[in-house]
Amino acid sequence: MLAYPAIDPVAVSLGPVRLHWYGLMYVIAFLLAWLLGRYRASRPGSGWKKDQVDDFVTWAMLGVVVGARLGYVLFYDLATYQADPMEILRVWNGGMSFHGGLLGVMLISLFWAKKHGKRFLDVLDFVAPLAPLGLLCGRIGNFINGELWGKVSDVDWAMVFPGAGELPRHPTQLYEAGLEGLLLFLVLWIYSRKPRPMGAVSGLFAVGYALARITVEFFRIPDPQLGYLYGGWLTMGQILCLPLLFVGLCLLFYAWRQYKNPCRERVELEDGSVIFIRRR
């Protein structure tokens with residue numbers, strides 16, 4: 001058994017102003033996405049400019065925070081927020097939904113793509129490899145908060161979490177940080193280094209995240225206000241991942257069809273932009 005490193009959830013306290021680690025993790029996540037995005041934009045053939053990355057990340061921050069918070073309210077704990085609407089603003093207490101954040105970013109991406117004359121899937125393909133490190137940061141924030149722990153276990157790396165009783169449990173926050181964070185980032189970053197059919201990178205992200213989340217949910221305790229939704233094993237997280245998995249598989253199939261039956265040729269210009277020539 002490993003000792004849980006009890007870290008004060010408040011990183012910095014200056015009088016009445018307190019900076020929580022959970023919020024700081026979001027700042028780090030957006031900073032990493034911005035830096036990685038600017039790096040990708042600087043590569044030949046990216047079709048993006050650095051100032052476009054700056055603009056998109058600014059909008060994406062709004063989509064992530066608002067979408068993730070509203071997603072948690074609607075999917076996981078509507079009754080609590082109906083009783084105390086001001087709780088919606090207390091994001092440092094946790095309560096952010098990945099699926100809500102994803103929907104928020106997708107809406108922002110759709111709006112941004114139309115504004116800048118880009119295709120929606122091209123924007124998602126560019127953004128997808130930037131997301132996993134943000135997920136890693138978020139799960140580290142969950143770990144510091146001592147929330148979203150796993151089931152009782154006797155594995156050597158089990159931990160006793162504050163507020164979870166005296167028995168050691170799976171550190172499922174770290175499982176998710178490793179799978180949907182670090183591992184998914186490495187897979188997507190390596191895969192996207194070469195030109196891929198439109199939709200392939202975002203499809204791989206959707207499938208990879210869904211499989212990682214569904215797997216870890218078998219070791220994780222569900223939100224107490226919901227519990228298991230069926231059979232003592234099915235959770236809300238797994239249900240929300242099923243349509244994501246389906247969409248991801250559809251995108252990969254669509255990308256595969258493009259690869260097998262190309263109708264347009266990708267041409268990279270000297271200025272780094274990309275055009276597509278229709279083939280007869």
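Ser 192 is placed in the loop that runs between helix H7 (172-191) and helix H8 (200-217). The model described here is predicted. With a relative accessibility of 9%, Ser 192 counts as buried, because the limit for that class is under 20%. Leaving aside residues up to four places away in sequence, Ser 192 touches Arg 40, Arg 43, Pro 129 and Val 201.

The side chain of Ser 192 also reaches two backbone oxygens, those of Leu 188 and Trp 189. Arg 40, one of the residues touched by Ser 192, lies over two aromatic rings, those of Phe 126 and Trp 189. The distances are set out below.

| From | To | Distance |
|---|---|---|
| Ser 192 side chain | Leu 188 backbone oxygen | 2.8 Å |
| Ser 192 side chain | Trp 189 backbone oxygen | 3.3 Å |
| Arg 40 charged end | Phe 126 ring centre | 5.0 Å |
| Arg 40 | Trp 189 ring centre | 5.9 Å |

Phe 126 also belongs to the largest nonpolar core, which has 18 residues; Leu 36, Trp 48, Val 53, Phe 56, Val 123, Phe 126 and Leu 130 have the most contacts inside it. Two or more residues of this core come from each of helix H1 (21-41), helix H2 (50-75), helix H4 (98-116), helix H5 (120-127) and H7. H2 gives the largest share, four residues. Not counting residues up to four places away in sequence, Leu 36 touches Leu 130, Leu 133, Phe 185 and Trp 189. Another core, of 16 residues, lies apart from the largest one, and includes Leu 184, Ala 210, Ile 214 and Cys 241.

H4 has 19 residues, which at 1.5 Å a residue should span 27 Å; the end C-alpha atoms are 26 Å apart, so the two values agree. At the start of this helix, a side-chain oxygen of Ser 97 comes to within 3.3 Å of the backbone nitrogen of His 99. After H4 comes Gly 117, with a positive phi near 70°.

The buried residues of H4 are Phe 98, His 99, Gly 100, Gly 101, Leu 102, Gly 104, Val 105, Ile 108, Ser 109, Trp 112 and Ala 113. They pack against H2, H5, helix H6 (132-145), H8 and helix H9 (236-260).

Across the whole structure, a search finds 21 aromatic pairs. Ring pairs join Tyr 4, Phe 143, Trp 149 and Phe 161 into a cluster.

Definitions and conventions
Residues are numbered from 1 along each chain as its sequence is written. This is a predicted model: local features need pLDDT of at least 70, side-chain atom pairs count only at pLDDT 80 or more; totals for chains, interfaces and linings use all residues. Side-chain values use heavy atoms; hydrogens and water are left out. Buried means under 20% relative accessible area, exposed over 50%, partly exposed in between (1.4 Å probe, protein chains only). A polar contact is a pair of N or O atoms within 3.5 Å; within protein, one must be able to donate a hydrogen and the other to accept it, and residues adjacent in sequence count only if both atoms are side-chain atoms. Contact means heavy atoms within 4.5 Å. A nonpolar core is a set of buried Ala, Val, Leu, Ile, Met, Phe, Trp, Tyr and Cys residues joined through side-chain atoms within 4.5 Å. The expected span of a helix is 1.5 Å times one less than its number of residues. Rings of Phe, Tyr and Trp (its six-membered ring) pair if their centres lie within 6.5 Å; planes under 30 degrees apart count as stacked, over 60 as edge-to-face and the rest as tilted. A charge sits over a ring if NZ of Lys or CZ of Arg is within 6 Å of the ring centre and within 35 degrees of the ring normal.
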